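Subject: Structure handover

Hi,

Here is the structure I promised to pass on. Have a look at it first, and then read my notes below.

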Amino acid sequence: MSIPSSLTSATLSGASVFHKALASSIEFPSNLSSPFGSKICLTSFPISTGSKQSATWSLTRSIAPIQGISSHAIHGEIKEWKKFELSDVIEGKQFDREMLSAIFDVAREMEQIEKSSSQSEILKGYLMATLFYEPSTRTRLSFESAMKRLGGEVLTTENAREFSSAAKGETLEDTIRTVEGYSDIIVMRHFESGAARKAAATANIPVINAGDGPGEHPTQALLDVYTIQSEIGKLDGISVALVGDLANGRTVRSLAYLLAKFKDVKIYFVSPEIVKMKDDIKDYLTSNGVEWEESSDLMEVASKCDVVYQTRIQRERFGERLDLYEAARGKYIIDKDLLGVMQKKAIIMHPLPRLDEITADVDADPRAAYFRQAKNGLFIRMALLKLLLVGW
């Protein structure tokens, strides 16, 4: 069976997905109609691009639920047929709404797997190499937990900058060519912006950017958007305050790219002057019709926002200029006074680790979502590993 080329696809805002047992394409009779309006289904199949495998999805318009198959109602405008691939995870800009919805659907499946007492074997026989040139707790451990919970195995180096051949002067490209011979997927954190793109261009296996210096942290952004959707219930029409070290914060850069995919989003930048958000992000938001505003008044901004996303001032990005670090830190702190002006259904997020920018007495407030946010990283990373290694 085949999809007629004239069929169109709809923009996702929370689609359900057809079970993989269905064929990769299905023909829907043109004379069917539904009291539920148009629905869409998502089908996928792995393809090979060169020697690197991609998870590929097709979005197609369908008519009502088919017998024995559940489909959730969705909303969105009709647009032309579209396919997309996932062969590496490098930057926030590579994702659009359809891809985000597809990944989030898989992440919800991963939540159920994690809650189950039975051991999953989805990734049995696969090896993941974690290559971290910078310190990490949550990202590295959540990736390793994700791989093991799906039945895979892990090869790891916690401080590759010091305890790998990089200390002897080996180039990143040579390291990647070597490590790909031992593994099926590489998860890399590096101290240089753009290193992940360089690694992906070299490798013949999937590469996931787990943070590249002050550049990007796309899997963090994915789990952040997933958290906002889970906590707030929507992604369109929200106001988000990005607070703290915006110049060096790769998490807020990647998050800004993803928030630009949604409608009627407003972003507030609140930071010390020395670590203001860089112009490339502001220009990107403006070119994509996203309203943004800079402010020095966190109290006022927090009273308007659905999400207050706090970040720490990153001492490691200041080099020897500790005077600048000291001048920037401690300017914006989330405490009980700030909670008093926030909306009741708003949330506080933080990529962690935190220092003193969120006081410990905030933790008990139900709006403090940062530890739930960290847990969501497991589900998103389980989803990405599954999609990159075995497809749908």
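**What I found: the four-stranded sheet**

Helix α12 (residues 370-390) lies across β6, β8 and β9, and runs at about 130 degrees to β8. Before I go on, note that this is a predicted model, where local features need pLDDT of at least 70, side-chain atom pairs count only at pLDDT 80 or more, and totals for chains, interfaces and linings use all residues. Residues are numbered from 1 along each chain as its sequence is written, and side-chain values use heavy atoms, with hydrogens and water left out.

On terms: helices (H or I, at least four residues) and strands (E, at least two) are DSSP runs, numbered from the N terminus. Axes are lines fitted to C-alpha atoms, for helices over the stretch in contact, with angles from 0 to 180 degrees between N-to-C directions.

The sheet under that helix is open, with its four strands in the order β7-β6-β8-β9 and parallel pairing (two strands pair if DSSP finds at least two bridges between them). Its edge strands are β7 (153-157) and β9, each of which pairs on one side only. From one strand to the next, the twist averages 15 degrees. Strand β6 (residues 127-132) and strand β8 (residues 185-190) pair in the parallel sense over five bridges, with Leu131 opposite Met188 in β8. Helix α4 (residues 172-179) also packs on this sheet, where it touches β6 and β8, and its direction makes about 150 degrees with that of β8.

**Asn209**

At 1% relative accessibility, Asn209 counts as buried (under 20% relative accessible area; exposed is over 50% and partly exposed in between, with a 1.4 Å probe and protein chains only). What do the polar atoms of the Asn209 side chain have beside them? One lies 3.0 Å from the backbone oxygen of Ile90, and the backbone nitrogen of Gly211 is 2.8 Å from a polar atom of that side chain. Polar contacts here are pairs of N or O atoms within 3.5 Å; within protein, one must be able to donate a hydrogen and the other to accept it, and residues adjacent in sequence count only if both atoms are side-chain atoms. Leaving out residues up to four places away in sequence, Asn209 touches residues including Val89, Met188, Glu216 and His217 (contact means heavy atoms within 4.5 Å).

**The five-stranded sheet**

There is also an open sheet of five strands, ordered β12-β11-β10-β13-β14 with parallel pairing. β12 and β14 (347-349) are at the edges with a single partner strand each, so one side of each has no neighbour in the sheet. Neighbouring strands are turned by 20 degrees against each other on average, direction ignored.

Which strand here is largely enclosed by the rest of the structure? That is β11 (residues 266-270), because five of its five residues are buried. Lys266, Tyr268 and Val270 point one way from β11, while Ile267 and Phe269 point the other way.

β11 pairs in the parallel sense with strand β10 (residues 239-243) over five bridges, and Ser239 stands opposite Lys266. Between those two strands the chain crosses through helix α7 (residues 250-259), and this β-α-β crossover is right-handed (with the strands pointing away from the viewer, the path from the first strand over the helix to the second runs clockwise). β11 also pairs with strand β12 (residues 291-295), in the parallel sense over five bridges, and Val270 stands opposite Ser295. Together with helix α8 (residues 279-287), β11 and β12 make a right-handed β-α-β unit.

**Aromatic pairs**

A search of the whole structure finds five aromatic pairs. The cut-offs: rings of Phe, Tyr and Trp (its six-membered ring) pair if their centres lie within 6.5 Å, and planes under 30 degrees apart count as stacked, over 60 as edge-to-face and the rest as tilted. One of the pairs is Tyr257 and Tyr284, edge-to-face at 4.7 Å centre to centre with 80 degrees between the planes. Tyr257 is in helix α7 and Tyr284 in helix α8, 27 residues apart, and both are buried. The rings of Phe269 and Trp292 have centres 5.8 Å apart and planes at 45 degrees, so that pair is tilted. Phe269 counts as buried at 2% relative accessibility, whereas Trp292 is partly exposed at 28%.

Cheers
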